[in-house]
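Please read the following report alongside the sequence and the structure.

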Amino acid sequence: MPASDITLYTSPTSNGHKVSVVLEELGLPYNVQAIDLVKEEQKQEWFLKINPNGRIPAITDGAQRIFESGAIMQYLVDKYDTERKISYAPGTPEYYEQLSWLMWQVSGLGPMQGQANHFTCFAPVRSDYSIQRYKNETKRLYSTIEARLRESPYLAGEKYTIADIACVGWIRVAPVILDIDLNEWPTLKKWLDSILQREAVKKGMLVPPMANSEEQMIAFLTEKKKEIMAKGSTDIQ
């Protein structure tokens, strides 16, 4: 395996955890620089030189910068997963299946659930239409995964890959943020529960360490949902 000189710029979010889990699965040494999203450190000039879009995660590997979670995951396996632990070899049918599901996550599941999360917990106003629209779309996408996993053990094929890693962090938080019951998709739930037992996944989900415990975070999100639902909807009737 080539030598690495990786610094991960991240926060404890579903997108951030994609990259930390990949790094842990590959056993790569890396430094972590936590980015405080509340203080908008991701908008500071020094960080924009790493990611011009001002979002986490991003990495540097020596002089090379890589930003956008999907691109980082692909870079890491292209360069460092020489044993194909969590990826398929380029040019194979499974590689393109892996790439398709990775792109599906970054263009579909992430943006749609991200909007559902925002309108449910963090929007300055209440919009029942927006909450329902994005929650329904999130559930439709979960049904897409359910259908795939009924025909394949993992999204890309017979083994666990970055395609699965890209989705796990998002689905993991859905019951807390969106009150979604994952038992509606039993194959997806079994797949998720199995992946969450992996040691590398457990470690990666703790990068960077959160200031609050998981219980405190759940209580915080529950209160934020109550605050939004207590407001009158801004939707035009």
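Pro-208 sits in the loop between helix H8 (199-204) and helix H9, and the peptide bond that joins Val-207 to Pro-208 is cis, with omega about -15°. Helices (H or I, at least four residues) and strands (E, at least two) are taken as DSSP runs and numbered from the N terminus. The model is a predicted one, in which local features need pLDDT of at least 70 and side-chain atom pairs count only at pLDDT 80 or more, whereas totals for chains, interfaces and linings use all residues. Residues are numbered from 1 along each chain as its sequence is written, and side-chain values use heavy atoms, with hydrogens and water left out.

A cis peptide bond also runs from Ile-56 to Pro-57, with omega near 0°; Pro-57 belongs to the loop between helix H2 (45-48) and strand S3 (58-61). In the loop between strand S4 (64-67) and H3 lies Glu-68, a residue other than glycine whose phi is positive, near 80°.

Axes are lines fitted to C-alpha atoms, for helices over the stretch in contact, and angles run from 0 to 180 degrees between N-to-C directions.

| Helix pair | Angle | Axis distance |
|---|---|---|
| H3 (residues 69-80) and H6 (residues 162-178) | about 145° | 11 Å |
| H4 (residues 93-122) and H6 | roughly 15° | within 9 Å |
| H6 and H7 (residues 186-195) | about 100° | 10 Å |

With that angle, H6 is roughly perpendicular to H7 (65 to 115 degrees). Asp-164, Cys-167, Val-168, Ile-171 and Arg-172 of H6 meet Leu-188, Trp-191, Leu-192 and Ile-195 of H7, where contact means heavy atoms within 4.5 Å. The contact of H6 with H7 comprises 7 nonpolar, no polar and 2 charged residues. In these classes, Ala, Val, Leu, Ile, Met, Phe, Trp, Tyr, Cys and Pro count as nonpolar, Asp, Glu, Lys and Arg as charged, and the others, Gly among them, as polar.

The residues in the contact of H4 with H6 divide into 16 nonpolar, 7 polar and no charged. For H3 and H6 the crossing is right-handed, and their contact is made by Met-73, Gln-74 and Val-77 of H3 with Ile-162, Ile-165 and Ala-166 of H6. Here the classes are 5 nonpolar, 1 polar and no charged.

H6 also takes part in the second largest pocket, where the elements giving two or more residues to the lining are H5 (128-149), H6 and H9 (214-229). A pocket is an open set of points on a 1 Å grid over the protein atoms alone where a 1.4 Å probe fits, with protein on both sides within 12 Å along at least five of seven lines, and lining residues have an atom within 4 Å of a point. The volume of the second largest pocket is about 160 Å³, meaning the space filled by probe spheres set on the points, with grid points joined across faces, edges and corners. H5 gives the most to this lining, with 4 residues. Among the lining residues are Asp-128, Ile-131, Gln-132, Lys-135, Ile-177, Leu-178, Lys-225 and Met-229, and by class the lining has 4 nonpolar, 2 polar and 4 charged residues.

Technical notes:
Left-handed = near helix turned anticlockwise from the far one by under 90°. Parallel < 35°, antiparallel > 145°, perpendicular 65-115°, else oblique.
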